[in-house]
Amino acid sequence: MKKLINREAGPVGRWALGLLPFVVLVVLYLVASDARLAVNPNDKLLPDMASFVDAIQRMAFEPSKRTGEYLLWQDTLASLGRLALGVVISAGIGLVVGIATGALPLFRAGISPLVTGLSLVPPLAVLPILFIVFGLGELAKVMLIIIGITPFLIRDLQQRAEEVPTEQIIKMQTLGANTWQIIARLIWPQVMPRLISAVRLSLGSAWLFLIAAEAIAATEGLGYRIFLVRRYLAMDVILPYVAWITFLAFAIDFALKRYSQWRYPWFHGTQ
Amino acid sequence: MAAIEIKNLWKEYGQDVVLERLNASVEEGEFVTVVGASGCGKTTFLKMMLGTESPTRGELLLDGKPIPDEPDETRGIVFQRYSVLPHLTAVENVMLAGELESSPWLGRVFGAKRRALREQAEEMLASVGLDQALRKYPHELSGGMQQRLALAQALIKKPRILLLDEPFGALDPGIRRDMHELVLDLWREQDLTVFMITHDLAEGFFLGTRMWVFDKERLDPQTPGSYGARITYDLPVGNSDKGTLQSISQSVDSTARVLSA
Ligand SMILES: Nc1ncnc2c1ncn2[C@@H]1O[C@H](COP(=O)(O)OP(=O)(O)O)[C@@H](O)[C@H]1O
Ligand SMILES: [Mg+2]
């Protein structure tokens with residue numbers, strides 16, 4: 001038999017091994033839930049499968065008794081809208097400032113220290129200020145995402161822009177390019193796939209800031225909902241919501257990865 | 001008047017003298033190969049020609065004026081690596097120079113103009129033997145094909161001076177010979193002045209019209225940086241005998257041993 005370090009799973013084995021921990025977790029949960037419910041049928045901490053189905057049915061497929069809305073979809077739309085707005089604006093700022101500081105030494109000298117300083121401010125500490133300045137509306141929540149992830153995006157893209165080989169920048173000049181053309185035809189296109197990677201990395205934080213802002217001040221949204229039903233210990237709603245958020249995060253990440261591979265074959269080919 | 005004049009040129013980095021007392025003049029249309037031990041300052045010389053480094057003493061003149069201190073379209077270059085743009089296909093890489101020229105803001109052209117540029121680029125690529133690879137990205141090309149592409153990209157701009165920094169150093173010997181033929185053909189067709197660095201002495205001996213050997217005349221093994229390299233041989237190619245090759249080879253080898261120690 002081969003040494004353990006040299007043994008690899010086949011295609012089927014890989015799936016089986018990958019699924020195994022999930023199955024184990026579900027089984028463990030069911031056993032624990034059964035045990036608790038046997039002791040106390042009104043226990044709310046670990047609801048059984050029937051309660052989940054019931055809760056999902058109520059949240060996703062029946063209009064709410066109070067507002068007549070389908071709550072899960074309303075929450076999803078609200079949250080995704082805020083997330084998209086925040087991330088798109090941050091990516092735009094990150095791209096422009098990152099390229100400017102990465103490609104132009106004069107800009108770098110002027111702006112980099114500021115960005116480094118700003119990136120050290122803990123975004124959640126700024127949240128009260130945002131609520132005071134922008135009120136409790138949509139703007140404050142989107143601003144938190146922007147403040148939370150933009151410094152990282154700027155710094156990452158600056159680094160990527162600086163990594164464009166000097167040889168290529170010289171090459172462009174020998175082909176007659178001016179500064180603007182070097183940015184438009186060399187640096188910008190080369191930084192785009194790296195922007196997608198950076199956005200993928202920052203999405204985790206973006207979700208964190210979104211849920212934090214929704215928890216504190218909102219009237220709809222995935223984060224708002226789980227913090228609202230927490231008061232009633234409604235684990236049957238919270239756990240499906242958490243699973244749904246996780247799935248959304250996964251789907252967005254997967255879509256971005258596929259888009260990048262399709263749009264920038266040269267980038268993924270040389271990696 | 002010679003196109004390029006080098007007058008008592010020095011290059012120092014702090015205490016280290018890399019090049020000292022270079023004197024030479026080069027006529028329009030010459031093909032100069034530069035050989036020498038690695039680390040003796042060949043690339044540094046090329047960078048001064050290119051304008052990314054400036055001399056610390058002396059003068060480097062193009063048409064009697066100091067050579068511009070940043071790269072521009074008068075001087076084309078092919079590096080050993082990273083010469084072509086990885087995010088453009090072969091034909092796009094070659095079209096780039098034309099696009100930049102006719103569109104100062106976008107750096108892109110469309111329509112009939114684009115078709116014309118594409119046609120020129122395809123012709124150029126055919127002349128370097130890449131007509132089968134028009135739509136391939138550089139990472140899909142072999143090392144030799146990438147360097148052909150880099151040549152095509154540089155030459156379509158019709159630079160006055162073409163600088164080559166060990167362009168074929170990473171290629172297999174057979175492919176290297178083909179590339180030499182190609183460079184010589186292109187040089188004969190276009191009215192170019194070529195400087196080509198190579199670390200292969202024999203290569204310098206049969207390519208081009210003139211060979212320079214960069215070497216340290218004085219060499220202090222304890223502090224190799226205290227003296228710079230000079231042009232120790234300036235030979236017309238074709239008139240040199242075996243004995244010269246051998247004595248150059250010995251001298252360059254001993255410098256190489258000290259520099260890499
Ligand atoms: N920017 C720099 N700063 C300090 N020393 C340098 C710099 N660039 C090159 N050198 C030194 O100059 C010498 C010549 O380098 P180079 O011209 O690259 O040699 P070659 O191309 O002949 O192999 C080397 O010893 C190198 O360490
Ligand atoms: Mg070199």
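Start at A:Leu83. Beyond its neighbours within four places in sequence, A:Leu83 is in contact (heavy atoms within 4.5 Å) with A:Ile145, A:Leu203, A:Ala206, A:Trp207, A:Leu210 and A:Ile252. A:Leu83, A:Met172 and A:Trp207 have the most contacts inside the largest nonpolar core, which has 61 residues. A nonpolar core is a set of buried Ala, Val, Leu, Ile, Met, Phe, Trp, Tyr and Cys residues joined through side-chain atoms within 4.5 Å. Buried means under 20% relative accessible area, exposed over 50%, and partly exposed in between (1.4 Å probe, protein chains only). Helix H8 (residues 179-216) of chain A gives the largest share of this core, 17 residues. Another core, of 37 residues, lies apart from it and includes B:Phe31, B:Leu186, B:Val194 and B:Met196.

This is a predicted model: local features need pLDDT of at least 70, side-chain atom pairs count only at pLDDT 80 or more, and totals for chains, interfaces and linings use all residues. Residues are numbered from 1 along each chain as its sequence is written, chains are lettered from A and ligands numbered from 1 in the order in which they are written, and side-chain values use heavy atoms, leaving out hydrogens and water.

Now follow H8(A). Helices (H or I, at least four residues) and strands (E, at least two) are DSSP runs, numbered from the N terminus. H8(A) has 38 residues, yet its end C-alpha atoms are only 46 Å apart. A straight helix would reach 56 Å at 1.5 Å a residue, the expected span being 1.5 Å times one less than the number of residues. H8(A) bends by about 40 degrees at A:Ser202; the bend is the angle between axes fitted to the seven residues ending there and the seven starting there.

Two buried polar residues come next. A:Ser64 sits in the loop between helix H2 (49-61) and helix H3 (71-103) of chain A. A:Ser64 counts as buried because its relative accessibility is 16%. A polar atom of its side chain lies 3.2 Å from the backbone nitrogen of A:Thr67. Not counting residues up to four places away in sequence, A:Ser64 touches A:Glu69 and A:Leu71.

In chain B, B:Arg230 belongs to strand S10 (residues 230-236). B:Arg230 has 18% relative accessibility, so it counts as buried. A polar atom of the B:Arg230 side chain lies 2.9 Å from the backbone oxygen of B:Arg21.

Note on methods. Polar contact = N/O pair within 3.5 Å; in protein donor to acceptor, adjacent residues only side chain to side chain.
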